Amino acid sequence: MFVKINGKKEETQAETLDALLKSKDIEPQMVSVELNNALIARTDLADSPLKEGDAIELLFFMGGGI
Amino acid sequence: MAFTEEQLVRYSRHIILSEVGGKGQKKIGKARVLVIGAGGLGSPIALYLAAAGIGKMGIIDADTVDLTNLQRQIVHHTKDVGRPKVDSAAEKIKDLNPDVEVVTYQKYLDAENALEIYADYDYVIDGTDNFPAKFLINDAAFFSKKPLIHGGILRFDGQLFTIIPGESACYRCIFPELPPQGIVPSCQEAGVLGALAGLIGTLQATEVIKLILGIGNPLTNRILTYHGLETLFREIKIKKSPDCPLCGSNPSITELTMPVQEVCDFNPLEAEKKDQ
Ligand SMILES: [Zn+2]
């Protein structure tokens, strides 16, 4: 199916948010995840199914500044 | 307080803007802004706020200038290597605009001094480079109800957003807890394009000036991210979370403490090397 990840259309076989992160080699602790504009708690990632057309935002920590 | 002839000329390009005018320029001249970190983000923030004629600027940074800083920290010059960053920055601010009252704090912000320092300012800008500081700055802004402009940079990317405590989404609404130590690389480990710091810092300065003037739409409830390699800005809508450990309806953080980062074995840089 096709989903939108950070604004870009991508094809994925992942059935949950948790599986999507795994498929992209992203540690859940590195990001906050929004699914269709709602923030998903880290503990709920595995219980969050994906469907065609979902919009996912991966918000990465950015600690730099100095 | 009336403008002097010199000030009328100095600020003429502001005053000519109908959204600013003499009235707005006076607001800028009365505003008190705390800039936390006199580094990559803090440099353009301090310089633009000084040029704008900010009334009082606090600068807090415990470090001294070193040679690796000069690639992006444009408030410091080659001759400043070895000097305390706050002294170097204060000197440039005074050179640029003697109207600005500068207060320097050569120390780290911590849970003991944060609220006391915040009390002397109307707005806070985050220009720090580590997560305990970023979370502390957010928490202290919440407890002292001071608007905060958050910013962060890494490699070619940056992000910023404005937090009006109690009203709009805070940093912990999005990132409830600190990432474990080592999971997110720092600029020191991963590098950062110098000009990117200028871009994000300048956006932070723009947003605080808008707040001071009360004009336009503040950057609240949305994160602006910049992707330098693609030359792309994106806006991500965010919401104040009822589950936020700080500003939510049942908060677990009820007083200011120094956020601690858990240690983690995962090393993203090593992981990336393995991929290549
Ligand atoms: Zn919050």
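Which residues in H3(B) meet which residues in H10(B)? In this predicted model, where local features need pLDDT of at least 70, side-chain atom pairs count only at pLDDT 80 or more, and totals for chains, interfaces and linings use all residues, B:Gly24, B:Lys27 and B:Ile28 of H3(B) meet B:Ile209, B:Ile212 and B:Leu213 of H10(B), contact meaning heavy atoms within 4.5 Å. By class, four nonpolar, one polar and one charged residues form this contact; Ile and Leu count as nonpolar, Lys as charged and Gly as polar. Residues are numbered from 1 along each chain as its sequence is written, chains are lettered from A and ligands numbered from 1 in the order in which they are written, and side-chain values use heavy atoms, leaving out hydrogens and water.

The axes of helix H3 (residues 21-30) and helix H10 (residues 194-213) of chain B come within 9 Å and cross at roughly 115°. H3(B) is therefore roughly perpendicular to H10(B), a term covering angles of 65 to 115 degrees. Axes here are lines fitted to C-alpha atoms over the stretch in contact, with angles running from 0 to 180 degrees between N-to-C directions.

Further along, B:Thr220 lies in the loop between H10 and strand S7 (222-227) of chain B. Leaving aside residues up to four places away in sequence, B:Thr220 touches B:Thr162, B:Ile164 and B:Ser168.

Chain B as a whole has 11 helices and eight strands, taken as DSSP runs (helices H or I, at least four residues; strands E, at least two). Buried residues make up 53% of its 276 residues.

Conventions:
Angles under 35 degrees count as roughly parallel, over 145 as roughly antiparallel, 65 to 115 as roughly perpendicular and the rest as oblique. Buried means under 20% relative accessible area, exposed over 50%, partly exposed in between (1.4 Å probe, protein chains only).
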